[in-house]
Amino acid sequence: MKRLWACYAPYYHTLLFVIIGSVLSAGMEISFPMIVRYILETVLPAGNMTQLLYMAVILFSLYVACLCISFGVSYWGRSMGTHIEHDLRCRLFAHIETMSFSFFDNAKTGQLLSRIISDISEIGDLVFQMPNLIMVCLITMGGSAFFLFYINWQLAIFVLLLIAIKTGGTILLNRRMKSAFRKAREKMGMVSSQTMESLNAIRLVQSFGNEALELKKFVTASHALQQAQQRTFLFESYLTSSIIFFSNLTNLVIIAAGSFFIMLGMMKLGDLVAFLMYLMVFIRPINYAY
């Protein structure tokens, strides 16, 4: 944690803005479904046009405020990430410069480039997403779960159980995806290394007529990268399509079960709409985390 805070320390003002902005935007998102529920259950049956217009203006103003805050959090947060990424990249480069000759004899240049550029870029994304996602998850998921139980606890238990099962399966899939992405980065480093070695020695290669041999080495490395990338595409495609299917299935379950509860007089239409909206708010951080 000390090393992590050392990355944030020079930019603590931006970090504070990201945290406060995430809290405000998440809090506003939690309020939207309840306002819609109030309009459907109170304002609409009363036929009060003035109050309807008043609530619509409030809801629109909150939407605009949430848009501005979310934009600021995303822009300044990602800017903070690029600054931290720059600091880490320079530190890593300075550290590599101090390594012994034996280190460079055993290390491939392409692999080092991959560590300095690709891996550091992922860290830059993480340092912004981590505080943002932590605050968003705590507020939106916790608040949404509370209101889901408040609206209809029977339906909330069933739906959250489905989400828990899906989340567990996706976590297991994510572990395999991380392994596949790591192998793809390794193969990318091999391609970069092979390319640099061949091009740096191009005069020697041409002098001895070894173009075909160097091309064969490059094709082999590129083919290994292609196979590794195809495996990542397989996992990504399955994850994306399964999330879409599960979202549609969950909506179907809520609509069917909610309609059943409405027929029994255990739920109102406004409750059903608010329930669907809160579910969307609840699963959004999960989808971002995937």
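Let's start where helices α2 and α3 cross: the crossing is left-handed, meaning that the near helix is turned anticlockwise from the far one by less than a right angle. This is a predicted model, in which local features need pLDDT of at least 70, side-chain atom pairs count only at pLDDT 80 or more, and totals for chains, interfaces and linings use all residues. Residues are numbered from 1 along each chain as its sequence is written, and side-chain values use heavy atoms, leaving out hydrogens and water.

Helix α2 covers residues 12-46 and helix α3 residues 49-97, and they pack at an angle of about 160° with their axes 9 Å apart. The two are therefore roughly antiparallel, a label for angles over 145 degrees. Their contact is made of 22 nonpolar residues, nine polar and one charged.

Now for the charged pairs. There are three salt bridges, each a side-chain nitrogen of Lys or Arg within 4 Å of a carboxyl oxygen of Asp or Glu. Within α2, Glu 41 pairs with Arg 37, four residues away, about one turn of the helix; their closest N and O atoms are 3.7 Å apart. Arg 37 also meets Asp 271 at 2.5 Å, N to O. Asp 271 lies in helix α9 (residues 269-289), so this pair ties together parts 234 residues apart in sequence. Asp 271 is buried (under 20% relative accessible area), at 7%.

In helix α3, Arg 89 and Glu 85 sit four residues apart and form a salt bridge of 2.4 Å, N to O. Through shared partners, Arg 37, Glu 41 and Asp 271 join into one network.

How values were computed:
Axes fitted to C-alpha atoms, helices over the stretch in contact; angles between N-to-C directions. Parallel < 35°, antiparallel > 145°, perpendicular 65-115°, else oblique. Nonpolar A, V, L, I, M, F, W, Y, C, P; charged D, E, K, R; others polar. Buried < 20%, exposed > 50% of the residue type's maximum accessible area, 1.4 Å probe, protein only.
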